[in-house]
Structures are given as C-alpha cells and as structure tokens.
Amino acid sequence: MACQSCFNTLLSFSDLCHRERDLISFLQDHLVLPGPIACPRCEKDCYLAREDTRLRFRCQRQVKVPKTRKTKKCSFSVTAKKGTFFEGCHLDVPTVCRFVACWLLVHHPKKRFIMEELQVSSRTFVDWSSFCREVCMHYLTSRSVLLGGEGVTVEIDEAKIGKRKYNRGRRIEGQWIFGGYERGSGNVFIVPVPDRTTDTLLNLIRDHIRPGTTIVSDCWRSYQCLGTEGFRHLTVNHSLTFVDPDTGAHTQNIERLWRDVRGGIPRYGRREAHMSGYLAEFLFKRAVPRTHLIHEFMRAAADLYPPSPVPIGEDPEEPVAGPSSAP
C-alpha cells in the first residue's frame, strides 16, 4: 500500500538507512521500488531477496515438470531496479538514500559535508545533485498552476543572480531571473531569462498569470504594455519610494523572495546552464514542509522513474551511472 504521508528528519532517516529491510519497505511504500510481483511461470508472488545487494525478485519454488513426476526449482529472477531512481547506480541503495536526505535537509554549503560523510567523490556529488534536481523539476512541473485571476494581485519583478567583478563597481555579472508572487496564497513562479525585453517578459507573464489579474511592478519599460494585454497594471517608482502613496502599490513580497533565492542556491561553483535546476531545488524546498521533504521527494522520484521489472536474462545493458546521464 502506498504511503500517504510520513515525517522524517535527517537523524531519523539516517537511522532507517541502517536497517536495510525497513528501508526497502519504506521505498516500496513510496513506490520507488516495486512491491511483490507474480511469477509468470508458477503464478506465485515473488518477493525481493533482501540479502541480495543487487535487489532481485527471485522465485525458488519447486514446480512440477510437465508429463513427469519430477519437480525442479523455478529459478525465475527479475531485477527490481529496472526503470527506478536506482537503475544503473554504482552506489548501494542506503548510500543513495542518505545522499538524498543530506541533499534535501543540509543547508549550503553542503558539498564538502556530503563528500566527507558519505565518502563520495566530487563528480559523484555533482551527478547525483543533478539527478535530484531533475526530480524537483518534475515535482514542480506536475503541480504547476497559473497565478492570479479576477480580484487577485500578483507582484512581478526581475533580478540578477551573480556577483560584482573583482567585488568592485556596481555592475553585476550573472544570470537574470524573472518571477511572480501571488498575494494571499504565496504561490510563486521563477524562471531564468536571457534578457529583459518586452517580448521575453510578456510571453512569460502570459504563460504563468491569468488574464484579469492585478499586476504590480516597478517602472521598467518592458511592463508598460500590460494595461493593454488584459491585466490591471499598478506601478511603483523605486527611485522615489517603496510604496506608491496614491495606490499603495508595492513589490516588497517578491523583493523578499529574491533575498531567499540568493540564500538558497550555491554561491560558488554555480553554472548558469544549471540555473533552472538550482531554482527548482529552491522552489521544491520552499513548497514542501521540512519534515515532508523526503516523503514528497520519494513520491516524485517514483512518478518520474516508475519501476518496470524485467527478467534478468532480458535486461538490456544498464547505464554506467545514475538514473539519467550526467549533465
């Protein structure tokens, strides 16, 4: 039976990872690993041979040989990792689960902590971090909703994630991001953007915000067309004030969001090509309560990588690392 909800801290889940039978039951409850399957030869349930670190379903029942009085061992065997988050993984299942727990629950900087605690290489950390971010992106994509609507206010803004060259001057080098914050619900969207032109930002606004929404922004020229695009548009001139004295318009909620984003993604070793993954990790951790992070991650991993056991003899060659190719 699938797990409906569970609570896990870093210490409690680490303790679970030391009890392999209980860990496998946990993964089966979350549908990350398949449950019992029917043997196609003798039609009896096959269970995981848990003492086998390769995680196989085995059937060793004695079956009758047709047209004789003899019996023989069924010997049916199926890998349980096929199609799952663990397919092609060189790390054992408990280590992968410990990695996921540390990746979700340890704050930045966490690379050195995970490498030392789990005795994994820098490349392994980078690869598995990428795999985990894929799961976060799938979770957010499957639950994405349009913001706003009649009578709802959404604040929009753009920001640049980066640093000043040589820590001098006002110019910041980095990646532009654009987002919106819905007042009341606290729902948000954040996406990396190549530029801040009208075409780029307007297309994203249409994709993420319902027509008829009251949109609050600064006075950036790319937003000047919103009033003619089916939105009610309010502005605040940040060069004069933080709150418009006439309309009360402000963008303080999304400005606060930018501060959280900058604190929630890596400061060093960050690559612009991976910005979507960094933002997905931030948004996933923002959307899910801390004690539910492992539960929701495992359910999302099961949805993205559904188990599909096949007979060992028919199993195609497995990839050399992780559930997907490294970035």
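The chain exposes about 18200 Å², and carbon and sulfur atoms supply 49% of that area. This is a predicted model. The chain has 327 residues, of which 45% count as buried. Its secondary structure comprises nine helices and eleven strands. Among contacts between residues at least 6 apart in sequence, 59% join residues at least 24 apart.

**Largest pocket**

- The largest pocket holds about 720 Å³ of space.
- Its lining counts 24 residues. Closest to the pocket centre are Leu 140, Ser 144, Val 188, Phe 189 and Leu 283.
- Four elements each supply at least two lining residues: helix 5 (122-142), strand 9 (188-193), helix 6 (198-208) and helix 8 (275-287).
- Helix 8 gives the most to this lining, with six residues.
- By class, the lining of the largest pocket has 15 nonpolar, six polar and three charged residues.

**Ser 276 and helix 8**

- Ser 276 is found in helix 8, the element that gives the most to the lining of the largest pocket.
- Ser 276 has a relative accessible area of 33%, so it is classed as partly exposed.
- Leaving aside neighbours within four places in sequence, Ser 276 is in contact with Met 137 and Pro 192.
- Pro 192 is 84 residues from Ser 276 along the chain, yet their C-alpha atoms are separated by 6.5 Å.

**Largest nonpolar core**

- In soluble globular proteins, nonpolar side chains tend to be buried together.
- Here the largest nonpolar core has 58 residues. The members that touch the most others are Phe 13, Leu 27, Phe 85, Phe 297 and Met 298.
- Helix 3 (residues 93-105) contributes the largest share of this core, ten residues.
- Leu 27 is in contact with Val 32, Leu 33, Phe 86, Val 93, Cys 97 and Met 298, leaving aside neighbours within four places in sequence. One of these partners, Met 298, is also among the core members that touch the most others.

- Phe 85 lies in the loop between strand 6 (76-79) and helix 3.
- Is Phe 85 buried or exposed? Phe 85 counts as buried, because its relative accessibility is 2% and the cut-off is under 20%.
- Phe 85 is also among the core members that touch the most others.
- Phe 85 and Ala 302 are 217 residues apart along the chain, but their C-alpha atoms are separated by 7.2 Å.

- Leu 31 has phi near 70 degrees, a positive value in a residue other than glycine.
- Leu 31 sits in the loop between helix 2 (20-29) and strand 1 (37-38).
- With a relative accessible area of 40%, Leu 31 is partly exposed.
- Gln 119 is not a glycine either, and its phi is positive at about 55 degrees.
- Where is Gln 119 found? Gln 119 is in the loop between helix 4 (111-118) and helix 5.
- Gln 119 counts as exposed, because its relative accessible area is 69% and the cut-off is over 50%.

Key:
Residues are numbered from 1 along each chain as its sequence is written. This is a predicted model: local features need pLDDT of at least 70, side-chain atom pairs count only at pLDDT 80 or more; totals for chains, interfaces and linings use all residues. Side-chain values use heavy atoms; hydrogens and water are left out. On a 1 Å grid over the protein atoms alone, a cavity is a set of points where a 1.4 Å probe fits but cannot get out, and a pocket is an open set with protein on both sides within 12 Å along at least five of seven lines; lining residues have an atom within 4 Å of a point. Grid points are joined across faces, edges and corners, and a volume is the space filled by probe spheres set on the points. Ala, Val, Leu, Ile, Met, Phe, Trp, Tyr, Cys and Pro count as nonpolar, Asp, Glu, Lys and Arg as charged, and the others, Gly among them, as polar. A nonpolar core is a set of buried Ala, Val, Leu, Ile, Met, Phe, Trp, Tyr and Cys residues joined through side-chain atoms within 4.5 Å. Buried means under 20% relative accessible area, exposed over 50%, partly exposed in between (1.4 Å probe, protein chains only). Contact means heavy atoms within 4.5 Å. Accessible areas come from the Shrake-Rupley method with a 1.4 Å probe; for residues, only the protein chains shown count as cover.
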